[in-house]
Amino acid sequence: MASILTIENLSFHYGDNPAPVFDDLNLSIAKGEFVAVVGGSGVGKSTLLKCVADLAHSSGGRITLDIPERRGSRRRATVFQDGRLLPWRRLRGNVGYGLKGLELSAEAREERIREVLKLTRLSELADRWPHQLSGGQVQRAGIARALAVNPELLLMDEPFSAVDAITRQHLQDELLNIWQKTGAAVLFITHDIEEAVYLADRVVVLSGHPAHVRFDQPIDLPRPRGRNADDLQHLAHTIAQEL
């Protein structure tokens, strides 16, 4: 299947620091594919995602998005660790914030907001303020805001790291349901190897100084997957040995 994201020989360093965070990094993601990236703290996982999101500028190499521009949509959208909701906007307004500047009528914008609120099970909370939401609801709102722009590529930077274990599992299952319904490709950053194996089609390991792709493991397990299944745990152990 053709790649919608291709990263070639990518390098990055901060300011005047000559030591690169990563160097000669190569990665591709196919249309509709779910790819998780794992690695040690400080290895450059989030920096890589920011480069793909155009929130940070690489020092060298090339990032190619083979995604056509579509009316009323954006090619990519990002979900952050902390939800990043605007406190002066109700949930409905936060979800629709990314639609500004898109060629959509007011009616089409409202319909898009209703659709993603329903998809993320937030319809009944649409008029609440961010401070009235739980941690899990805030993260679902961040996902809804990203989905509202109908992206072909969803970039997720450790989106469930700030919630408790039970909420995390619920959000993982909700994300899989959303991914299967929308067909968007996902680049998912996480420090949790079991989460990566549970969710992804492929798990990519970053390691080294500067970081590079050390290991690229296909996850050929049927869905839905058992969290404690022996084959899942075996793959998680195999990947952990590469860190």
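1. Helices (H or I, at least four residues) and strands (E, at least two) are taken here as DSSP runs, numbered from the N terminus. The structure is a predicted model, in which local features need pLDDT of at least 70 and side-chain atom pairs count only at pLDDT 80 or more, while totals for chains, interfaces and linings use all residues. Residues are numbered from 1 along each chain as its sequence is written, and side-chain values use heavy atoms, with hydrogens and water left out.

2. The domain assignment divides the protein chain into domain 1 (3-67 + 152-241) and domain 2 (88-150); such bounds come from an automatic or database assignment. Between the C-alpha centres of domain 1 and domain 2 the distance is 25 Å.

3. At the interface, twelve residues of domain 1 are in contact with eleven residues of domain 2, contact being heavy atoms within 4.5 Å. The two domains bury about 890 Å² between them, with 75% of that area on carbon and sulfur atoms. Leu154, Glu174 and Ile178 supply 45% of what domain 1 buries against domain 2, more than any other three residues. Buried area is the accessible area (1.4 Å probe) that two parts lose on being put together, summed over both.

4. The largest pocket has a volume of about 370 Å³. A pocket is an open set of points on a 1 Å grid over the protein atoms alone, where a 1.4 Å probe fits, with protein on both sides within 12 Å along at least five of seven lines; lining residues have an atom within 4 Å of a point. Grid points are joined across faces, edges and corners, and the volume is the space filled by probe spheres set on the points.

5. Residues lining the largest pocket include Arg74, Arg76, Phe80, Tyr97 and Arg145. Strand β5 (76-79) and α4 (135-148) are the elements that give two or more residues to this lining, and β5 gives the most, with three. By class, the lining has seven nonpolar, two polar and three charged residues; Ala, Val, Leu, Ile, Met, Phe, Trp, Tyr, Cys and Pro count as nonpolar, Asp, Glu, Lys and Arg as charged, and the others, Gly among them, as polar.

6. The second largest pocket holds about 240 Å³ of space. Of its 14 lining residues, Val116, Leu119, Leu147, Asn150 and Thr182 are the closest to its centre. Helix α3 (residues 106-119) gives the most to this lining, with five residues. Domain 1 and domain 2 each contribute at least three residues, and the lining comprises five nonpolar, three polar and six charged residues.
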